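Please keep the sequence and the model in view while reading.

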Amino acid sequence: MPRKLLTASAVTLATVAGAAGAYASMTSSGPKMGPQMTLERPAFQGYYDGHKDTYLNTDVSSRPEARAMHINYAPVLKTVPLKSAPEIYLVEGKAATGQLAVFGSEPGESSYSPVWKETILTWKASAKPVLIKSDTQIGQLEKKGGLAERSTSIRLNCPIIKVGKG
């Protein structure tokens, strides 16, 4: 069966290859994951506390979203408890130019997990969208009445592979 080659940025390729190399060297005398290989895949950016983090989108608990995003459908992700998964906020409908996903945590924090609760944000008709860069900002915009939040039961497996700088 031929392998599919997905495109990605050089930074993503280097990050994935570097992580694999680091793992291989750490486990030279321990259990092996298998032969090391280089894989290219698309990476995305999202905001966390005002800076951009880079993440991979690999699996989702919604079959329609899996088809739309060309990623794995993983229904077992629905069993991840709400309290165990931080939120990933996605703006639906009108949005400010340059709007990205917004994370509720990142690697290095005790609440970080690569499995996220999908939360949908929508701007009210009378509101002028602004660029949202943090979960704290989301709370402030909701209190002002211009932004609405809708929780879903969808879980996304989107590990953050590179933390940006503040």
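## Strand E2 and His51

His51 is found in strand E2, which covers residues 51-55; helices (H or I, at least four residues) and strands (E, at least two) are DSSP runs, numbered from the N terminus. This is a predicted model, in which local features need pLDDT of at least 70 and side-chain atom pairs count only at pLDDT 80 or more, while totals for chains, interfaces and linings use all residues. Residues are numbered from 1 along each chain as its sequence is written, and side-chain values use heavy atoms, with hydrogens and water left out.

With a relative accessible area of 8%, His51 is buried (buried means under 20% relative accessible area, exposed over 50%, partly exposed in between, with a 1.4 Å probe and protein chains only). Four of the five residues of E2 are buried.

## Neighbouring strands

Strand E1 (residues 44-48) runs antiparallel to E2 and is joined to E2 by five bridges; two strands pair if DSSP finds at least two bridges between them. Within this pairing, Phe44 stands opposite Tyr55. Two residues lie between the strands of the E1 and E2 hairpin, where Asp49 takes a positive phi near 45°.

E2 also pairs with strand E9 (residues 160-162) in the antiparallel sense, over two bridges. Ile160 in E9 is the bridge partner of Tyr55.

## Gly145

Gly145 is located in the loop between helix H3 (135-144) and strand E8 (147-157). Its relative accessibility is 31%, so Gly145 counts as partly exposed. Gly145 and Lys124 are 21 residues apart in sequence, and their C-alpha atoms are 8.0 Å apart in space.
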